[in-house]
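Biologist: I have a new model open and want to learn how to read it. Could you take me through it feature by feature?

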Amino acid sequence: MARLPMEGRPPGLGLWLIDEPVRVTVSGSSMEPALRDGDTVEVIRAAPEDVLKGDLVVVERGGEVTVHRFLAREGEGVLEKGDAHALGAWHPWPEVLGRVVALRPAGASSVETPFPVHLQRSLGR
């Protein structure tokens, strides 16, 4: 699972996604090759209707903040998965949803590069 460390942030995803984008560092390998351990992503708050198939979404469940790829929606459910996993999982829509809008690969310059997240598989990143 690609986790987003919450150190130094108030508890609850909703509290830190209220007003402006936030940058967080990815920890874990479930989103490889799109995201790697140590990459930094910029996250904005997103309404469910703004999320497109292939987008990287950020959710909080059970006190853990996770980034996964959005695959489908059906009623009150969302299908999401880590790129490194063979299968996805259905979950209820989270109360607060974030969408990744920019990436700074680990070790890159301090400039974040916006990218079309839903195209990252085809680009090999």
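Biologist: Let me start with a charged residue. Asp 55 is buried, so which side chain of opposite charge is nearest, and how far away is it?

Modeller: A caution before the answer: this is a predicted model. The nearest side chain of opposite charge is that of Arg 99, 4.2 Å away. A salt bridge needs the charged atoms within 4 Å. Asp 55 therefore has no salt bridge, although Asp 55 is buried.

Biologist: Which backbone atom does the side chain of Asp 55 reach?

Modeller: The backbone nitrogen of Leu 52, at 2.8 Å. As for its place in the chain, Asp 55 sits in the loop that links strand S3 (40–45) to strand S4 (56–61).

Biologist: Now the overall fold. How many helices and strands are there?

Modeller: There are 2 helices and 9 strands. In sequence order the pattern reads β-α-β-β-β-β-β-β-β-β-α. Of the 125 residues, 42% count as buried. Look at contacts between residues at least 6 apart in sequence: 52% of them join residues at least 24 apart.

Biologist: How do I read a nonpolar core? Which residues have the most contacts inside the largest one?

Modeller: The general idea is that in soluble globular proteins nonpolar side chains tend to be buried together. Here the largest core has 14 residues, and Leu 35, Val 41, Val 43, Val 67 and Val 100 have the most contacts inside it. Strands S2 (22–25), S3, S4, S5 (64–74) and S8 (97–104) each give two or more residues to this core. A second, separate core holds 8 residues, including Ala 46, Phe 70, Trp 93 and Leu 97.

Biologist: What joins S6 to strand S7 (residues 89–92)?

Modeller: 4 bridges, and these two strands run antiparallel. Leu 79 stands opposite Trp 90 in S7.

Key. Residues numbered from 1 in each chain as written. Predicted model: local features only at pLDDT ≥ 70, side-chain atom pairs only at ≥ 80, totals over all residues. Heavy atoms only, no water. Buried < 20%, exposed > 50% of the residue type's maximum accessible area, 1.4 Å probe, protein only. Lys, Arg positive; Asp, Glu negative; His and termini not counted. Polar contact = N/O pair within 3.5 Å; in protein donor to acceptor, adjacent residues only side chain to side chain. Core = buried A, V, L, I, M, F, W, Y, C linked by side-chain atoms within 4.5 Å. Pairing = 2+ DSSP bridges. Contact = heavy atoms within 4.5 Å.
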